[in-house]
Amino acid sequence: MQYKIGNGYDVHAFAREIKPDACITLAGVHIPSERELIAHSDGDVLIHALCDALLGALALGDIGKHFPDTDPQYKGISSVLLLEKVSELIMQKGWSLANADITVLAQEPKLAPFREAMCEHLAKVLQVNVDQVSVKATTTEGLGYVGRKEGIAVYVVVLIEKPFD
Ligand code: MG
């Protein structure tokens with residue numbers, strides 16, 4: 001096997017307005033939240049970082065290059081569709097995901113109850129086993145922009161593999 005590694009990072013800011021029925025979307029899973037994330041798409045900051053990691057592994061640019069936020073066809077789009085397209089691109093080139101390790105930095109909302117659902121959904125979209133996808137969540141102990149509840153940040157590392165030709 002030959003291997004390549006990719007790293008992705010993304011941040012989305014929370015809207016100021018508190019809404020009683022607000023939710024955010026992470027890994028395609030809807031999670032209740034006091035405030036929504038500001039975004040051109042559905043604001044799935046986890047999937048955006050994951051797409052960047054996959055694209056980065058093959059030096060294919062970034063999510064902004066493939067799906068520009070100036071293009072109206074991507075306004076409000078489900079990020080799951082973007083991940084499906086990126087995943088197809090990787091597979092077309094003969095590569096498959098060995099594993100993805102994802103760390104979400106959020107002071108709120110509490111993500112632990114949704115961790116398994118996020119892993120299962122990502123594994124389904126990426127067509128891999130659930131033990132190849134790890135989602136971890138941490139606060140920043142009140143420090144920095146995440147700690148001030150201004151937004152959510154996500155770090156992703158992926159390893160992709162391909163048999164030697
Ligand atoms: Mg983004």
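A disulfide here means a pair of cysteine sulfur atoms within 2.5 Å, and a search of the whole structure turns up 0 of them.

Some ground rules before going on. This is a predicted model, in which local features need pLDDT of at least 70 and side-chain atom pairs count only at pLDDT 80 or more, while totals for chains, interfaces and linings use all residues. Residues are numbered from 1 along each chain as its sequence is written, and side-chain values use heavy atoms, with hydrogens and water left out.

Back to the cysteines. Cys51 is buried at 0% relative accessibility, and Cys119 is buried too, at 6% relative accessible area (buried is under 20%, exposed over 50%, partly exposed in between, with a 1.4 Å probe and protein chains only).

The 13 residues of H1 reach 19 Å from first C-alpha to last, close to the 18 Å expected at 1.5 Å a residue (the expected span being 1.5 Å times one less than the number of residues). H1 is mostly covered, with 12 of its 13 residues buried. Just after H1, Ala59 takes a positive phi of about 50 degrees.

Asp10 (OD), His12 (NE2) and His48 (ND1) coordinate the magnesium ion at 2.1 to 2.3 Å (donors are N, O and S atoms within 2.8 Å of the metal, or 3.2 Å for Na, K and Ca; water is not among the atoms, so sites may look incomplete). Along the sequence, the donor spacing reads D-x1-H-x35-H. His12 in strand E1 and His48 in helix H1 link distant parts of the chain, 36 residues apart. Both His12 and His48 are buried.

Terms used. Helix = DSSP H or I, 4+ residues; strand = E, 2+ residues; numbered from the N terminus.
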